[in-house]
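Biologist: Hi! Could you put the model on screen and walk me through a few spots?
Modeller: Happy to, here it comes.

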Amino acid sequence: MAMKAIRVNEALNDAVPLRKPEMIHEAMRYSLLAGGKRVRPILCLAACELVGGEDTVAVPMACAVEMIHTMSLIHDDLPCMDNDDIRRGKPTNHKVFGEETAVLAGDALLSLAFEHLAVKTVNVSSNRVVRAIAELGSAVGSEGLVAGQIVDISSEGKRVNLSELEYIHVHKTAKLLEAAVVGGAIVGGGGGNEVERMRRYARCIGLLFQVVDDILDVTKSSEELGKTAGKDLATDKATYPKLMGLDKAKKFAGELVDKAMEELSYFDVARAAPLYHLANYIAYRQN
Ligand code: GRG
């Protein structure tokens, strides 16, 4: 994972050189190279290898996914959205560059993601590149991330039930993880069944990612505060532990890991090992 993250960081650095107009490229680089776990690009490279591809062919896809993830964070932090001051341990993009530049840096990263995937993917048939582009487009648009965000925003202050919460998480978080994994498998040369198994794996770990996030919110803040109830229980924000209780949320997380592993059991054990570990990493991560 660490080696893959380094390769992705190098490729992202090369993909957005500091050129004119410097202000916009500086703002793009500021958020893109600000750290982050790089879970999505690592998954993309691992999915490519699982189906027998060289992971180099999936590097542009992995970078494209991370560019979109980063732009969604920049826009999510804006005053008109979540109004956050800190992201990845640093002041948010709009705090450093101003709102206008932050909006444009996000727009530019979104556009560059598709250009980069189309132009930089080599040794892959154009049909597969087009399929990967379509996966990414559908994950991002009005039935993907944007759908999750609009439903999240419009449910603010309202009581959210479990199926609404799942809709928000599937769209805000799982869709892009799915595009990363499925895109990696497509450019890696995966067959139809392999790609669809990878899609089911990704849907499980995408939702798992968010359930674990919600659990960490409770357990970490309980530890920090030395209290039994964490911060999310004290706010209006709907979370899995709040809607189903902490124990059931943990059980649900366990079921999602099991389902994800079941999809992997179809593949060669050695090749599937990184994706087993990534599912475990997502399930047992501490941040
Ligand atoms: C995509 C066109 C377009 C617009 C953006 C603002 C918005 C629409 C969507 C918000 C999406 C959002 C912020 C989802 C949360 C996703 C999430 C789980 C973020 C945290 O991911 P980590 O933990 O973060 O992988 P790092 O920093 O490690 O990369």
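Biologist: Is Asn123 buried or exposed?
Modeller: Asn123 is exposed, because 10 other C-beta atoms lie within 10 Å. The cut-offs are 20 or more other C-beta atoms within 10 Å for buried, 12 or fewer for exposed, and in between for partly exposed, with C-beta atoms placed from the backbone. Keep in mind that this is a predicted model: local features need pLDDT of at least 70, side-chain atom pairs count only at pLDDT 80 or more, and totals for chains, interfaces and linings use all residues. Residue numbers start from 1 along each chain as its sequence is written.

Biologist: Where does Asn123 lie?
Modeller: Asn123 is in the loop between helix 6 and helix 7. Helices (H or I, at least four residues) and strands (E, at least two) are DSSP runs, numbered from the N terminus. Asn123 also has a positive phi of about 60 degrees, although it is not a glycine.

Biologist: What about Arg38, is that one buried or exposed?
Modeller: Arg38 counts as buried, because it has 23 C-beta neighbours inside 10 Å. It sits in the loop between helix 2 and helix 3 (39–50), and has a positive phi of about 60 degrees without being a glycine.

Biologist: Which residues does a cis peptide bond join?
Modeller: That bond joins Lys20 and Pro21, with omega about -5 degrees. Pro21 belongs to the loop between helix 1 and helix 2 (22–32).

Biologist: Let's zoom out. How many helices and strands does the protein have?
Modeller: There are 14 helices and two strands. Buried residues make up 45% of the 287 residues.

Biologist: What is the radius of gyration?
Modeller: The protein has 19 Å, which agrees with the value near 19 Å for a compact globule of 287 residues. The radius is taken over C-alpha atoms, and the globule rule is 2.2 Å times the number of residues to the power 0.38.

Biologist: Now helix 8. Which of its residues are buried?
Modeller: In helix 8 (residues 145–154), Leu145, Gly148 and Asp152 are buried. Seen down the helix axis, the buried residues fall within an arc of 65 degrees, so they line one face of helix 8. That arc is the one made by the directions from the helix axis to the C-beta atoms.

Biologist: Why would residues a few places apart point the same way?
Modeller: An α-helix has 3.6 residues a turn, so residues three or four places apart point the same way.

Biologist: And which residues are exposed on the other side of helix 8?
Modeller: Ile153 and Ser154 are exposed there.

Biologist: Which residues come nearest to the ligand?
Modeller: Of the 17 residues around the ligand, Gly36, Lys37, Ser72, Asp76 and Gln149 come nearest. A residue is near if its C-beta atom, placed from the backbone, lies within 6 Å. Helix 4 gives the most to this shell, with five residues.
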